[in-house]
Amino acid sequence: MTTERLLAVKCAICGMLAFVGSIFCGCQRTPELAGGTPEEQAYDLLLQKGQWADIVEKNQKQPTKSSACRNAVRLASWYLGQCSREELDLCLEDSHGVLGSESSALMMSDIYMRLGRLNMARRAAFDAMVAMRSEKPNSRALKRLTEVSIIIGEYDLAWKYLLIGEQHKDCHSWTKKLRPLVEHPELIVNYPSYQKLREIHENLQDEFFL
């Protein structure tokens, strides 16, 4: 199967998931908000940097109206010891409208990934792909799809994502890192974070939601 064919199949799958998600989750997007609101983009940047105190402080100054941002605040509070894991999980149970933009979907994918909820991390990454207004794949989302496939042992699928990524310059940094894991799955023991996520996934009821 050619790279172009793989990309076409990926886009078709993403489109189907987004259509179903819009029906069941109320994830209705307008073109001008496809990339996310300025608030979501700001929270997403803080989340990527792990600036937990800044996330909480930002929300205290002006409470967020975004469901995804509220989840980021709850995650930050958990890392700071200000809420329990049960409170965090309860907050994440409501998926209504939480994947409404590229930024919110990427945020949620990161949050789910940190907690070992790999199927949901993958679902959110798919939504981020669909939300993009570009023919190129979202590098961050594609990396997440590859990572999840490696961690749960779906190596054929990981190869497909890797081949797509290798066709785009902005994906080269992570494809070089992940290629050895796809070629030699046993090397995952040298990646403590991935190994830990695999262990969490194997012992966690990780539901795939629509």
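Colleague: Which residues of α2 are buried?
Modeller: In this predicted model, E40, Y43, D44, L46 and L47 of α2 are buried, buried being under 20% relative accessible area and exposed over 50%, with a 1.4 Å probe and protein chains only. Helices here are DSSP runs of H or I, at least four residues, numbered from the N terminus.

Colleague: Why are they on the same side of α2?
Modeller: Because they cover an arc of only 165° around the axis, taken from the directions from the helix axis to the C-beta atoms. The face turned away from them carries the exposed residues P38 and K49.

Colleague: What do the buried ones pack against?
Modeller: α3 (52–61), α4 (67–79), α6 and α8, with contact meaning heavy atoms within 4.5 Å.

Colleague: And what follows α2?
Modeller: G50, with a positive phi near 70°.

Colleague: Pockets next. What volume does the largest pocket have?
Modeller: About 300 Å³, as the space filled by probe spheres set on the grid points. A pocket is an open set of points on a 1 Å grid where a 1.4 Å probe fits, with protein on both sides within 12 Å along at least five of seven lines; lining residues have an atom within 4 Å of a point.

Colleague: Which element gives the largest share of the lining?
Modeller: α8, with four residues. α6 (102–114) and α11 (192–202) also give two or more.

Colleague: How does the lining split by class?
Modeller: Four nonpolar, one polar and seven charged residues. Among the lining residues are D110, R140, K143 and E147.

How values were computed: Residues numbered from 1 in each chain as written. Predicted model: local features only at pLDDT ≥ 70, side-chain atom pairs only at ≥ 80, totals over all residues. Heavy atoms only, no water. Nonpolar A, V, L, I, M, F, W, Y, C, P; charged D, E, K, R; others polar.
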